[in-house]
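User: Please take me through the sheet in this model and the helices packed on it. Keep it brisk.

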Amino acid sequence: MLVDRGEQANTKGADRGLDRTIVLVGTAGATVFLLILLVVLAAGADRKILADTITPLLVSVSGIVMLRSGRPNAAVHLLIGMLGMAMWAIVGGSGIANDPLIGFMTMAVAGTLLVREHQLAYSLVAATAVGVTAFFTAIEGKTLAERSMRAFVALIAFSVLAWLVLWLRRQATDRQVQLEAALKSKDEFVATVSHELRTPLTTIMGIAHEMRDRVGEFSSDELHEFAALLADESADIAGIVDDLLVAARSDNGSLTLDLRPVVLAEQLDAAAVGSNQFEVHGHADFDRLWVTADPSRTRQIIRNLLVNAQRYGGSKIRVVTDVTEVHGVIEVRDSGGPIPQQERDQIFEAYRRSANSRANPGSVGLGLTVSRRLARLMNGDVVYEHDGAESIFRLLLPLAPPQTTDTNQAVA
């Protein structure tokens, strides 16, 4: 299996950042507790308090060393904390039940779950260490039942902290995955948009240079052909820009639509201007069919579906219009083969196309994505199916209420 080196580096960087955070928090907590102990000791408290400085001292020193060396390791840091707790329990000779250091010990042991491998083994060792320490470092005179209860409470505390640590780690991992996906999408976006814009711009620049340098050498028919090419390529660029703007505005919630009753047949006619010839099979009442939609966005959807069929579909393209009880329908059909079932939702994702489609590099990969988003914002949809002979991209838009269409007809 091939693994992207950049993704590996990003993951390792996230792990180091998480380790650094844990070591920093543990060191800060141990240092504060150490300062409190030293103040109490300076105030003339029991000399046995010297034993209580062992754990925070080891944790603070180890954390400072690792942070200064640039190699923080949470597992090492927390294992040092466990060692310090064991030494404290032996030297101090005092109970653990009512001592605030139990929090440091439990947190330190739970932190061993942050190791990258053999998590179950570390968890069992940590749980055992918590229970045994709580049981054997009890205050003198406690009964077996009291020691067992103390061990049980410590295990519960460990379990809660372990769950919290794992949850935090999972959150950090999820954020890293999202960040990597966003960076990868950004790179794909820049590359595909650059190529998409370069294709028509190259044609426009080539024709413009020829007309500038050799305009007198071309016939009238050739100049008309050049003008038509310029218009077509400029329309392609305008369509790309429209898709990019819709995608960006729909992502940040700033896209606004002008929803009103429109005649769907008029939008089809306007969107098909300049497109290659294709058959149109209309429903008997389609010319008088009113839908509630944004006219400019409806034309954008239809253009995208036609362009998609021309680029990736079969050689024969036709448009079929229909009406249901609640929707006006425009189907863009082509004679191409079916898209695999597992890819039919993916083709509506940004920058995706079917693996067995006819690859066309001049595609930003946003046409179908934008079309579905716009249709759904207009309370409709864009769906795909294959009937065995044709690929079908179906645009559905909600019918306009009869009273609104009557009003518009009267005004017209």
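User: Which residue in S5 stands opposite Ile 317?

Analyst: This is a predicted model, where local features need pLDDT of at least 70, side-chain atom pairs count only at pLDDT 80 or more, and totals for chains, interfaces and linings use all residues. Residues are numbered from 1 along each chain as its sequence is written, and side-chain values use heavy atoms, leaving out hydrogens and water. Seven bridges join S4 (317–323) to S5 (327–334), and the two run antiparallel. Opposite Ile 317 stands Asp 334.

User: Which strands stand at the edges of the sheet, and why is one side of each left without a neighbour?

Analyst: Strands are DSSP runs (E, at least two residues; helices are H or I, at least four), numbered from the N terminus. Two strands pair if DSSP finds at least two bridges between them. The open sheet has mixed pairing and the order S2-S4-S5-S7-S6. Each edge strand has a single partner, so one side is left without a neighbour: these are S2 (279–281) and S6 (381–386).

User: What angle does the direction of H9 make with that of S7?

Analyst: Angles run from 0 to 180 degrees between N-to-C directions, with axes fitted to C-alpha atoms, for helices over the stretch in contact. H9 (295–312) packs on the sheet and touches S4, S5, S6 and S7 (391–398). Contact means heavy atoms within 4.5 Å. The angle with S7 is about 175 degrees.

User: At what angle do the axes of H9 and H10 cross?

Analyst: H10 (367–377) also packs on the sheet, touching S6 and S7. Residues of H9, including Ile 301 and Leu 305, meet residues of H10, among them Leu 368 and Leu 374. The two axes come within 9 Å and cross at roughly 145 degrees.
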